[in-house]
Every structure is written in C-alpha cells, then in structure tokens.
Amino acid sequence: MKNESTLSPAFSPRGEGEARTVAVIGAGPIGLAAAANLLERGYVPIVFEAGASVAANFESFRQVQLFSPWRYNVDPAARRLLEASGWTMPNEDELPTAGAMIDRYLAPLASHPSIAPTLRLSHRVTSISREGFDKVKSKGREAAAFVIRATVIPAKAGIQPEPRGRIAWIPAFAGMTLCSEAG
Ligand SMILES: Cc1cc2nc3c(=O)[nH]c(=O)nc-3n(C[C@H](O)[C@H](O)[C@H](O)COP(=O)(O)OP(=O)(O)OC[C@H]3O[C@@H](n4cnc5c(N)ncnc54)[C@H](O)[C@@H]3O)c2cc1C
C-alpha cells in the first residue's frame, strides 16, 4: 500500500527556512555524528533510520569488543553537545563493546533534546530523486526539490540490519518532500 504523506511541516517543499535542511540516511555512529555536526553549523538535520532504534548495525553485534578506543569513536561535535548537558566521556583509552557504544554514547546522543526531534526511526529510505524529473531530464534539475521516499517499517516486522551503512548529504536549498510508503 502506498501512502504518500508529508510527515512534518519541515518537509513542505520550498518552505521558508528549508534552505538549511539536510537529510541524513542512517542513525549509526556516523549518521548521528553528522547530525551533531550539522546542528553545530546551523543546519537542520533529518535523520532517517531503518531500525526501530538507533545504531541497528551495532545492535547486531552488541557483545563484540571494538578494536578502536573511545577516543576515536566519539565525534568531537557530538561530544561537545553531550558534555554541555552533563554527559561524561568514557575512559578514552578503553576499548568499548558495540553495546557500550550504544548505551554510553549513541543512545544518549539520540535522546539529546537537539537530536531526538530530528530522528525518523523505522523509516527505510528507498529512493532519492528530484521532483518532476526522471533520469533523462537534466535541464533545471539543480533547482528542483529533492524527493526522499521511505518505507515505514511496522514495529512487529523486525528489521534486518544493513551490512553497510551509507549517508546522503542533501543540501536542500531547493526544498524537500518526503513521500512515505507503508511497508
Ligand atoms: C566485529 C566488528 C568490529 C568493529 N570494530 C570497529 C572499530 O573498532 N572501530 C571502527 O571504527 N569500526 C569498527 N567496526 C566497523 C563499524 O561497524 C563501522 O565503523 C560503523 O558501524 C560505521 O558506522 P556507520 O554509521 O557508517 O554505519 P552503520 O553502523 O552500519 O549504521 C548505518 C545505519 O543506517 C541504517 N540504514 C542503512 N540503510 C538505510 C536506509 N536505506 N534507510 C534508513 N536507514 C538505513 C542502518 O539500520 C544503521 O542503523 C567494526 C565492525 C565489526 C563487525
């Protein structure tokens, strides 16, 4: 069933203030760090995550110890954001497990008042295109709004984490429209 809808006023195409909206695909460690960096630079991130919670990939190997210590795993902008609200950096030289990364860093970051409203959990992005343009039309493409399609995943369906994450940085100077499709 296809259910095209605008989920938030932020998605209204070409609305005032949208010039600084950036879509981030995936709320893993990189996507959440991207959101923190965007906020710091005055952009408005919207983070689409296929999983029902953030860091779905890390969740799939929660018990495994990572090979890089905390100092390399915590993004500086994310750290600044968290420390401003009382968070404490774990021992920089320790090796976290993937689960510790979630519990001590990524989950607090995701629930930070600046980040939480940007998250669209259970939204698997299926395509990114330009409004009114197919693959063979190019004239005027750069001025057209981005259209992001996402499948909304029902909670009970479960989720197979992606083997590799990816991020799309979308300068939404042309506006952005979200079409959601019920999964
Ligand atoms: C055993 C093991 C140990 C590792 N140890 C380390 C280490 O010590 N140091 C290190 O730097 N790296 C390590 N890695 C690699 C680590 O997994 C990656 O560095 C890290 O996960 C990359 O983060 P990411 O946010 O780019 O991607 P991911 O963690 O893969 O996150 C991507 C997110 O995007 C979501 N997603 C994917 N596609 C879509 C879509 N179409 N729409 C919406 N959401 C989507 C996924 O659900 C997921 O939550 C290790 C990996 C393994 C398996």
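Within what distance do the axes of H1 and H4 come, and at roughly what angle do they cross? I began my notebook with this question, and before answering I noted what kind of model I had. I am working with a predicted model, in which local features need pLDDT of at least 70, side-chain atom pairs count only at pLDDT 80 or more, and totals for chains, interfaces and linings use all residues. I number residues from 1 along each chain as its sequence is written.

**Entry 1: the chain as a whole**

I looked up the elements and found 5 helices and 7 strands in the chain, where helices (H or I, at least four residues) and strands (E, at least two) are DSSP runs numbered from the N terminus. Reading along the sequence, I wrote down the pattern β-α-β-α-α-α-α-β-β-β-β-β. Of the 183 residues, 31% count as buried; a residue is buried if 20 or more other C-beta atoms lie within 10 Å of its own, exposed if 12 or fewer, and partly exposed in between, with C-beta atoms placed from the backbone. I also looked at contacts, meaning pairs of residues whose C-beta atoms, placed from the backbone, lie within 7 Å. Among the contacts with a separation of 6 or more, 76% join residues 24 or more positions apart.

**Entry 2: H1 and H4**

Two packed helices are described by the angle between their axes and the distance between the axes. For H1 and H4, I found that the axes come within 8 Å and cross at roughly 70 degrees; axes here are lines fitted to C-alpha atoms, for helices over the stretch in contact, and angles run from 0 to 180 degrees between N-to-C directions. The two helices are therefore roughly perpendicular to each other, given that angles under 35 degrees count as roughly parallel, over 145 as roughly antiparallel, 65 to 115 as roughly perpendicular and the rest as oblique. On the H1 side I listed Leu32, Ala33, Ala36, Asn37 and Glu40, which meet Ala77, Ala78 and Leu81 in H4. Sorted by class, this contact has 6 nonpolar, 1 polar and 1 charged residues, where Ala, Val, Leu, Ile, Met, Phe, Trp, Tyr, Cys and Pro count as nonpolar, Asp, Glu, Lys and Arg as charged, and the others, Gly among them, as polar.

**Entry 3: H1 and H5**

I then turned to H1 (residues 29–40) and H5 (residues 98–110), whose axes come within 10 Å and cross at roughly 40 degrees. That angle makes H1 oblique to H5.

Which residues of H4 are buried? In this helix (residues 76–83) I found Ala78, Leu81 and Leu82 to be buried. Seen down the axis of H4, the buried residues fall within an arc of 95 degrees, so they line one face of the helix; the arc is that of the directions from the helix axis to the C-beta atoms. An α-helix has 3.6 residues a turn, so residues three or four places apart point the same way. The buried residues of H4 pack against H1 and H5, while the face turned away from them carries the exposed residues Pro76, Arg80 and Glu83.

I checked Ala55, in the loop between strand S2 (44–48) and helix H2 (56–59), and found its phi near 55 degrees, a positive value in a residue other than glycine. Ala55 is buried, with 28 other C-beta atoms within 10 Å. Ser122, in the loop between strand S3 (119–120) and strand S4 (123–130), also has a positive phi, of about 60 degrees, although it is not a glycine. Ser122 counts as partly exposed, with 19 C-beta neighbours inside 10 Å.

Not counting residues up to four places away in sequence, Glu92 touches Pro69, Trp70 and Arg71. Last, I looked at Ile148 in strand S5, which counts as buried with 25 C-beta neighbours inside 10 Å.

Conventions:
Contact = placed C-beta atoms within 7 Å.
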